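The sequence and the structure come first.

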Amino acid sequence: MRFLFVLTTLSLALAGCNGGEDFSDATVPGCPAGAGCNPSSRGDVLVELAGPHVSNLGYTCTGTNVVFFTSDTDQQSVDSDGNVVTVPAFGALCPSGSQGVEFFIGNALFEGNYISVGSLVFPAKELAADYKITVSDLVSSPRREPASVTDQVRNVAAFIQGLDANPAEESFVKIPAEAHDIADDLGADAVSALNGTFTETDYLAFQDTWEDYFLAVDDAAAGGPFMLNPFPNIPLARVIAANGYSFAGQYRFDTCRSQLSAFFCDADENSVIGKDLRFPYLKGFVPDGQGGTREVTSEPPLVLPNGRLLGLGKAIRRVEVVGEPGEFEVEQALVAFSETAVVDESATLSADAKMLSVAPDGVGADVDMAFQGRFLNKRIYNDFVPDSAPDESRPDVELDYPSLAPELNDTEAGKVMGELLEAGSAVELPLTSEVLSSSQVMPDQTFITELASVAPFTVRLMRACLESDPDSDCDEIERIDFEVGSGAAFNYPSEIIDPVEEEMPREDIHGTTEFCLDVVDLPGDIRNGLITAGPIGDCGKWDVGFVSRTIEDPKSANLTMLLAPGAESAVDTTAPNFGVSIVGRVDMDTADDCYPLYRTGGPGDSSNFDNKVRAAWVDDYWPEIRLQELQDGLGEGETLDDEDLAPVLANSRGAVQFFAGDPNDLTCDPAAQP
């Protein structure tokens, strides 16, 4: 038997259908000139340290000659070829050949003396374009250490924030030049001794050790006061808050994928049957039930700032037909993460995390699997070499981090264990994961507060009207030129029905036509910025997304949602539109205070927003179930006709009616307008 497990949402890509913009921040390639740049390298790795952001913090790109300082504004520099490059505000920009980045106070040039506040180790093979980190990532890189119980995280956070020349400005720390000069003047022995104190368990002793240094900075520099906070939980809280947002984003999860070695995993006597374990629902074209294909891509699983893991996908098992050697059948089932699936503050998957079947007649009937792993720089490794690999092959983690060889510890290696589509048939498969798109590290808190103050928001999912729908239920699609067309770039693909001209509220599998959303406003708390959903009147029932970006001009905020708060909720009639993904940009700059939600991106980056094109919704749950039911009912040689498929396609995607206030509000609800 051969097994395959894939966990990734199955939707038409919202990044694509919203115009190609995800909710990640831009990265800018280049090599900072600073005090010298490796002439043979090109800078293209951006590291953003948050919790809070820091201006005038020194950094050196290990393995190169690059030494530079962060700034609260974009900086122009020149690479080795004479090209002008931009170093983004608060970013450290390193050449691609760097082994990592080290942050410091002092002088890291030549024989200079500097106080190291930590380092980030880059992977040797799979180097990302950007890393969004906090001091929790600088203690024992590539591992993230839990801020709440790690002395070094506490001490480094207090040290950096104690050097703030303008503590009244809470959005970032500005380090004075004098802090660097005084550190350099201390001498090598004194600096070495001070560097060793960051692991001090007694915070009062840590304060005493650094007292003379901070007094010297306070005497020499303007601003301040410069001092270690007597209450270490205050600077630590800023790190903890940033930890959630710096890790939040979209992630890929699947089994038996050895991306670094380009080999495929053999799990005991079981082996993998394809190069890319992500089933065709991830990207490409899949059968439409009548001999043709339909275009689909996927919204990946979502990690929320509080660590909740949301995801809908497929479990696939390839079984040899009894009595027919070489002939196989493929079994598959929709699955989702359980409500206990959480990424903790050490970036480790919770011990009771589960992947369960999701079906109308029950949960966990066909798939009940536990999974484990720890993210190293936002990637889970399986520490596995396939039996079929050449002798010189090495585990994936060793290729990226040779110092971690020969193996990860028991809970760090990615693994899936349990029953897969056959009761009593236990399997154990390697698991890998990696970040695909990350959020803005620290959205503007005033935006989150404003959204929370005008909530609840009402959400009504609209679908295309079909010939079988009563005319009285249908309304014209007002901006039809922007919303109807061929392919994933439109809310209503013309393939649904020809022509698509009208829309109506769509009912989910439980008959729900509208639900409400709330926004959590708890600065400093790991739930801050979360979006919760529920039936009208109970908007805080489920964690389903978060405020993923704030934009000053025009004032707006991106919301990213996946309505799959846990496999257990799939059969809960109060869980609205299970399996639906929504990504959109709230207009906070209009005079009517209705806060409509528009699509992100577009040909001109913001053209969807400027043209007031409503956000899209995509359902990966109900249509898949209905399509399977229809296909199971076919006789030999039969195919589905257009009349069968039209309701499935119409319930797969559409436009979002989104507004502040309750249903039937005469000011904002489109359905209440004359």
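Ala 570 counts as buried because its relative accessibility is 3%; buried means under 20% relative accessible area, exposed over 50% and partly exposed in between, with a 1.4 Å probe and protein chains only. Its place is in the loop between strand 37 (556-562) and strand 38 (580-587). Leaving out residues up to four places away in sequence, Ala 570 touches Val 358, His 510, Phe 578 and Tyr 621, where a contact means heavy atoms within 4.5 Å. Ser 357 is 213 residues away from Ala 570 in sequence, yet the two C-alpha atoms are 9.5 Å apart.

The model is predicted: local features need pLDDT of at least 70 and side-chain atom pairs count only at pLDDT 80 or more, while totals for chains, interfaces and linings use all residues. Residues are numbered from 1 along each chain as its sequence is written, and side-chain values use heavy atoms, with hydrogens and water left out.

The protein has 12 helices and 41 strands, taken as DSSP runs numbered from the N terminus (helices H or I, at least four residues; strands E, at least two). Of its 674 residues, 57% count as buried. Among contacts between residues at least 6 apart in sequence, 68% join residues at least 24 apart.

The loop that holds Ala 570 is also the place of Asn 577. Asn 577 has a positive phi although it is not a glycine, and at 2% relative accessibility it counts as buried. Phe 90 also has a positive phi without being a glycine; it is buried, with a relative accessible area of 13%. Most residues other than glycine have a negative phi, and most peptide bonds are trans.

| Site | Backbone angle | Loop |
|---|---|---|
| Phe 90 | phi about 65 degrees | between strand 7 (84-87) and strand 8 (91-95) |
| Asn 577 | phi about 50 degrees | between strand 37 and strand 38 |
| Gly 51 and Pro 52, cis | omega about 0 degrees | Pro 52: between strand 2 (43-49) and strand 3 (53-55) |
| Ser 141 and Pro 142, cis | omega about 15 degrees | Pro 142: between strand 11 and helix 2 |

Helix 6 (residues 233-247) has 15 residues and should span 21 Å at 1.5 Å a residue, which agrees with the 21 Å between its end C-alpha atoms; the expected span is 1.5 Å times one less than the number of residues. Its buried residues include Pro 235, Leu 236, Val 239 and Phe 247. Among the elements that the buried residues of helix 6 pack against are strand 11 (130-133), helix 2 (151-162) and helix 8 (445-454). Just after helix 6, Gly 249 takes a positive phi of about 155 degrees.

Phe 247 also lies among the residues nearest the centre of the largest cavity, together with Asp 137, Arg 144, Asn 377 and Lys 378. A cavity is a set of points on a 1 Å grid over the protein atoms alone where a 1.4 Å probe fits but cannot get out, and lining residues have an atom within 4 Å of a point. The largest cavity has a volume of about 100 Å³, the space filled by probe spheres set on the points, which are joined across faces, edges and corners. Strand 11 supplies the largest share of its lining, three residues.

Technical notes:
1 Å grid on protein atoms, 1.4 Å probe; cavity = no way out; pocket = protein on both sides within 12 Å on 5 of 7 lines; lining within 4 Å.
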